[in-house]
Amino acid sequence: MHPAASVILFTTLSGAGYGLLFWLGLWLLAGRETLPDLALPALAVGFVLVSVGLLASVAHLGRPLRAWRAFSQWRSSWLSREGMIAVISLAILVALAFALVAGAARGRVDVLALALCVAAALTIYCTARIYSSLRPIPAWHNAWVLPGYAVLAAATGAAWLSLLAALVAQAEALRMVALASLALFVLSVVVKVAYWRHVDRHGAGVDAASALALPAGSRVMPFEAPHTEANFLLKEMGFALARKHGRRLRRIVVMLLCLAPLPVLAAAFLQAGGVLAGAIGVLLAMLAVLVERWLFFAQARHVVMTYYDARPS
Amino acid sequence: MTALPPPGNKRLGLVIDLDTCVGCHACAVACKQWNDAGAYGPLNDQDGYGAEPDGAWLNRVHSYDVVTPEGDATTLHFPRSCLHCENAACVTVCPTGASFKRAEDGIVLVNPDTCIGCKLCAWACPYGAREIDPVEKTMKKCTLCVDRIDNPALPAHDRQPACVQACPTRARHFGDLGDPQSAVSKLVAERGGQALAPELGYKPTNRYLPPRKRRQRAGDTGAPARLDDHGFDAQKASPLLRWADRLLSR
């Protein structure tokens, strides 16, 4: 599949944003914050990450001005559900920010924080389901896609929250989030390696004889393409560059995911330089997810390519 | 609405005969011509006469080299277009309701005024039936020429998809595959028509008639099975040939 920059940016940024909002909601629910020192900057950063991500996704559309129509088909479409819950999350975020600024009662803040947690988690779930519901792409239509999205969103969100905690010098929050992020990054390596093992074992999805309604066991070779130039299908679904560099890029993802929690931990337990260390942690984490997301698209093969590159096995 | 209608009794679709298709692309050209000006058109091209033309087509004709399980080599010309599936995932993934399946006859269509060009329907289609229009940036697909088959101003014999009318070898047939008594259903039953990649569960309406067994060897065509000297039976030959055979055999 063609790794469109708009969709990669969208899933990376909004994943981190909703991850951050999820952890912030939990932090508020745990009642550890008496003054909104951490919550307000975190809500602001979450808002920016999610909004930039959503705007990038709108840029993916052929007709961006019609984007509002996507809020109508939540009964059947994961994309529509995701759009709706993403916007609902933003509304909850704004309400929570107002409640914190106005010094609202504990109970009201708790309700909004819980709502934010649920909405952020649901948004990440819907994003993953857009991909995992697509049968013609075996690398996406499997049980590893949802945990992969969830754990990377949670890990990058935790990295962002620890950076913000270092910025506002909230030592207790910083230590807890740093430990959580260490666990999440380790888990994300496990999930991604399991995902890659799974997709490497499960092949093309459809055999050429079946795609052409021929008897099983027929050997098929294309000898004349249906068109002389590339078409939409080949540009959108025939992307093959990453197969060449796939191994190296996967190693880079694993390396970055292993390195990212180290500066985050350093930020939590060092006296000085916490902000710089936290920023390095965020940078490594975001870079890891960008490369991972690029591979997620570039290495995924759509079964329609069977019609173009059929080879006797 | 992107929810799929309950399966109806009427299921309009195409039956394509892979035995008689000669890969001439007349169906693809006729489709492009009609749908460029039809109700769901235009069907745009970009840089049509330039170095890298790009355009939306609703029908693409592949040609393959096939070796059958019996070891016979054949060519196969394979027109590929929307199969108007019963489980049309392209419809249910649509976030706007632009993609829909007509309840009355099962034809899958895209409303060009509400499509946002998110391409998710093309991702959801295993058969590559949908292509984005490079100028309008909305999704285009086979309409079974609804603007012909629904048009009461046309004489009955013209209410057929353009590809079916254009086919010089009559390899394309249009009709109701939900009616077991229809001409297309009988053809499918008689020739063992197949759905493409049924294991994916999309339940396509269109059917493809597999190639007949080819007459590839001399014996298959009615000639003596072996054309070498061992095929000469002196007992059955005329006296003149018997004499010549004796003379030449010395």
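Predicted model: local features only at pLDDT ≥ 70, side-chain atom pairs only at ≥ 80, totals over all residues.
Okay, let's start with how the two chains meet. The area buried between chain B and chain A comes to about 4700 Å², and carbon and sulfur atoms supply 62% of that. In residues, chain B puts in 64 and chain A puts in 57. Which residues of chain B lose the most area to chain A? Those are Y64(B), I116(B) and W123(B), and together they make up 17% of what that side buries. Keep W123(B) in mind, please.

Between chain B and chain A the count is one salt bridge. You'll find it where the side chain of K235(A) meets that of D54(B), with 2.7 Å from N to O.

As for secondary structure, the elements of chain B that give two or more residues to the side touching chain A are β4 (59-67), β5 (73-81), α3 (120-124) and β8 (131-132). Strand β4(B) gives the most, with eight residues. If you sort that side of chain B by class, you get 37 nonpolar, 15 polar and 12 charged residues.

The largest nonpolar core has 161 residues. Which of them touch the most other members? Y131(A), W140(A), Y307(A) and, here it is again, W123(B). Helix α5 of chain A, residues 145-167, contributes the largest share of this core, 15 residues. There is also a second, separate core, with six residues, including V15(B), V184(B), V188(B) and L209(B).

Let me zoom in on W140(A). Skipping anything within four places in sequence, its contacts include M1(A), Y131(A), L134(A), F296(A) and F297(A), and W123(B) from the other chain is on that list as well. S132(A) and Y195(A) are also among the contacts of W140(A), and both turn up again for N142(A).

So, N142(A). This residue is in the loop between α4 and α5 of chain A. Is N142(A) buried or exposed? Buried, because its relative accessibility is 11% and the cut-off for buried is under 20%. What does the side chain do in there? One of its polar atoms lies 3.2 Å from the backbone oxygen of P138(A), and the side chain also reaches the backbone nitrogen of W144(A) at 2.9 Å. Further along the sequence, beyond four places, N142(A) is in contact with S132(A), Y195(A), H198(A) and V199(A).

Two more residues, quickly. T123(A) is in helix α4 of chain A, residues 106-132. At a relative accessible area of 1%, T123(A) is buried. Leaving out neighbours within four places, T123(A) is in contact with Y18(A), E82(A), I85(A), A86(A) and S89(A). For a sense of distance, T123(A) and L262(A) are 139 residues apart along the chain, and their C-alpha atoms are separated by 28 Å.

And then A39(B), in the loop between α1 (26-37) and β2 (45-46) of chain B. A39(B) counts as exposed because its relative accessibility is 58%, where exposed means over 50%. In sequence A39(B) is 73 residues from P112(B), and C-alpha to C-alpha the two are 10.0 Å apart.

That's my tour. Happy to go back to any of these spots on the screen.

Notes
Residues numbered from 1 in each chain as written. Chains lettered and ligands numbered in written order. Heavy atoms only, no water. Core = buried A, V, L, I, M, F, W, Y, C linked by side-chain atoms within 4.5 Å. Buried < 20%, exposed > 50% of the residue type's maximum accessible area, 1.4 Å probe, protein only. Helix = DSSP H or I, 4+ residues; strand = E, 2+ residues; numbered from the N terminus. Contact = heavy atoms within 4.5 Å. Buried area = accessible area lost by both parts, 1.4 Å probe. Salt bridge = Lys/Arg side-chain N within 4 Å of Asp/Glu carboxyl O. Nonpolar A, V, L, I, M, F, W, Y, C, P; charged D, E, K, R; others polar. Polar contact = N/O pair within 3.5 Å; in protein donor to acceptor, adjacent residues only side chain to side chain.
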